[in-house]
Amino acid sequence: LSPASLQRLSEAFDPPAGVRLGAVSQSGYCSSCGTKLEAVPLTSAQYSEMSSALLSAARRAGSAQYEDLLHFGEWVKGRHYTYIVDGANVAYCNQNFEGGGFSFEQIELACRWLREMSDGEPPLIVLPSEYLSEDTIPNHTCRGRHGPSVIQPHQWELIQHWRHSQNLWVSEPGSSDDWYWMYAAILAGPGARVLTNDEMRDHSFGMLRSAYFERWKARHCMHFSFSHGAQPDRAEPTLEIQEPQPFSVEIQCCGRRWHLPSAPNGAQWLCVELPALARDEPIEPSKKCSKVA
């Protein structure tokens with residue numbers, strides 16, 4: 001609901017007692033009633049449907065793409081990953097300047113930070129084949145007027161290190177690398193996180209139902225920012241990572257209390273407390289939420 005619609009709805013209740021506009025703290029507590037909102041997970045059936053949709057997209061691209069994504073899925077199942085890196089998205093972040101381009105160094109920096117966050121557990125890097133199949137790589141920045149760039153010896157060392165540690169997957173030519181990091185996160189389970197700023201609005205994701213695709217993004221995607229783009233003549237940039245919120249920005253029912261967020265990001269919440277139920281109609285345990293003491 002828009003903030004204006006939320007305001008009109010709050011004024012429509014008669015009597016207005018038990019209906020308040022408020023906010024939800026960063027830790028998930030409602031300012032109006034003290035209820036802690038939940039992080040609403042996807043069901044097993046929804047994860048399974050997303051997995052099938054990705055495989056169907058790969059099948060439409062061709063048999064080689066489909067077989068490679070299947071092979072990748074079996075490979076991921078045999079390993080334990082908490083963090084997955086959308087390599088191309090990380091490499092191009094803050095590189096839209098004269099001389100900027102695909103940065104292997106930014107990928108390595110992100111991997112170091114993620115290892116620190118997970119007690120040394122390495123993340124999975126997913127990259128498109130065009131950045132590893134030749135000695136030169138394309139430049140897709142807005143200012144990439146100088147054309148492809150040559151992979152430097154120290155960059156090849158990074159690539160060989162990722163390959164040797166078996167934490168790099170290169171997507172099949174003709175495939176979308178997005179399928180791979182999303183598929184890895186689905187297979188890795190509810191605790192998996194993808195480092196990406198990709199809002200996933202393009203046709204590659206049109207096959208996914210928006211209702212729980214948005215829920216999946218909110219629970220699994222970590223946005224990030226570098227202080228500046230990595231360059232040989234500048235100090236190493238710092239990285240800031242935004243973890244998913246500990247609660248879901250969607251309508252929630254907690255006992256007799258309903259919480260309705262404003263669009264698009266829940267800046268305001270309408271807290272509605274319904275009349276008490278009769279004694280023979282107890283609140284279902286599954287509907288109870290924890291509260292501030």
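Select Phe-213 and Trp-216 in this predicted model: Phe-213 is buried, as is Trp-216. Both residues belong to helix H8 (residues 210–220), where they are three residues apart and therefore separated by about one helical turn. Aromatic pairs number 13 in total. In the pair formed by Phe-213 and Trp-216, the ring centres are 6.4 Å apart and the planes meet at 10°; because planes under 30 degrees apart count as stacked, this pair is stacked.

Next, display Phe-72, Trp-75, Tyr-81, Trp-169 and Tyr-180 together; ring pairs link these residues into a cluster.

Proceed to strand E2 (residues 83–86) and show its side chains. Which residues point one way and which the other? Tyr-83 and Val-85 share one direction, whereas Ile-84 and Asp-86 take the other. In a regular strand, side chains alternate between the two faces of the sheet. All four of these E2 residues are buried.

Strand E7 (residues 193–195) runs parallel to E2, with three bridges between them; within E7, Arg-193 is the bridge partner of Tyr-83. Strand E3 (residues 124–127) is likewise parallel to E2 and is joined to E2 by three bridges. To inspect this pairing, centre the view on Val-85, which stands opposite Ile-125 of E3.

Finally, turn to two charged side chains placed over rings. Select Lys-36 with Tyr-29: the charged end of Lys-36 sits over the Tyr-29 ring, 5.8 Å from the ring centre. Then select Arg-59 with Tyr-66, where the charged end of Arg-59 sits over the ring of Tyr-66 at 4.2 Å from its centre.

Note on methods. Residues numbered from 1 in each chain as written. Predicted model: local features only at pLDDT ≥ 70, side-chain atom pairs only at ≥ 80, totals over all residues. Heavy atoms only, no water. Buried < 20%, exposed > 50% of the residue type's maximum accessible area, 1.4 Å probe, protein only. Helix = DSSP H or I, 4+ residues; strand = E, 2+ residues; numbered from the N terminus. Pairing = 2+ DSSP bridges. Phe/Tyr/Trp six-rings, centres within 6.5 Å; stacked < 30°, edge-to-face > 60°. Lys NZ or Arg CZ within 6 Å of the ring centre and 35° of its normal.
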